[in-house]
Amino acid sequence: MGTVILLRHGRSTANGSGVLAGRTPKVGLDETGRAQAEALAGRLAAIPLSGLVVSPLLRCKQTVAPLAAAQKLERVVDARLSEVDYGEWTGRAIKDLVSEPLWRVVQAHPSAAVFPGGEGLAAMQARAVEAVREHDARITAAHGDHAVWLLCSHGDVLKSLIADALGQHLDSFQRIVVDPGSISVVTYTETRPFVVKVNDNGGDLSGLVPPKPQRGKKKGKKSSDAVIGGSTGRKGRA
């Protein structure tokens, strides 16, 4: 199985407005977000990506546009990676939502939270996990177990994917932080995922590229075993 870079879209015009944008159309990147999108191509220049999968919302498409152009990648748009459907909460001010009884459920027991006229967070996680597993299998089949690909989505969606990879119950996903423009990384194997990075905002990412199988050696499946005592790093990496 492959390695997926989980990218949250860059800062949007809604992020600093105090309003829950949700699936409101035409919410794009602000000046900071556009700078984050331009910088992304440079951050990932050393990583030959095998695929690029994005949410259908404008802010995600804008975030990956410079990267797609730099690496000559076609975007695959998947509605299962769209923002949470917040229903009647969409467009409302956060300061007003905190007084809603459902707010405490979202904070303390999110697996039970269903937004009025929208979807539940558990349903969101189910669709997102289905999507990432399906795309990882597709890309791995086409490019091999050492493929690295990128998925661009939204904060709660990515937090739910990281929680799943960590084996955490969805009720714990509010402990995870995923900033706009940040990168998290998960490597999938036959029996378990490995969470490599969470909420990275500028570190060296060249070490994400797995070593190619040595010539003459039989190519095997990527190991699902954890290193006892902790990882010692990859040979040749600082």
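## Helix H1: length and faces

Let's start with helix H1, residues 31-43 of this predicted model.

Which residues of H1 are buried? They are Gly33, Ala37, Leu40 and Ala41. Looking down the axis of H1, you will find these buried residues within an arc of 95°, which means that they line one face of the helix.

## Around H1

The cover over the buried residues of H1 includes strand E1 (3-8), helix H2 (58-71) and strand E5 (183-188). At the start of H1, have a look at Asp30: one of its side-chain oxygens comes to within 3.1 Å of the backbone nitrogen of Thr32.

Six strands make up an open sheet with mixed pairing, in the order E3-E2-E4-E1-E5-E6. Strand E3 (76-77) and strand E6 (193-200) are the edge strands, each pairing on one side only. E5 and E6 run antiparallel and are joined by five bridges. Tyr188 has Pro193, in E6, as its bridge partner.

Helix H2 packs on this sheet, where it touches E1, strand E2 (52-54), E3 and strand E4 (148-153). The direction of H2 makes about 150° with that of E4. H2 is also among the elements that cover the buried residues of H1.

Definitions and conventions. Residues numbered from 1 in each chain as written. Predicted model: local features only at pLDDT ≥ 70, side-chain atom pairs only at ≥ 80, totals over all residues. Heavy atoms only, no water. Helix = DSSP H or I, 4+ residues; strand = E, 2+ residues; numbered from the N terminus. Expected span 1.5 Å × (residues − 1). Buried < 20%, exposed > 50% of the residue type's maximum accessible area, 1.4 Å probe, protein only. Arc of directions from axis to C-beta. Contact = heavy atoms within 4.5 Å. Polar contact = N/O pair within 3.5 Å; in protein donor to acceptor, adjacent residues only side chain to side chain. Pairing = 2+ DSSP bridges. Axes fitted to C-alpha atoms, helices over the stretch in contact; angles between N-to-C directions.
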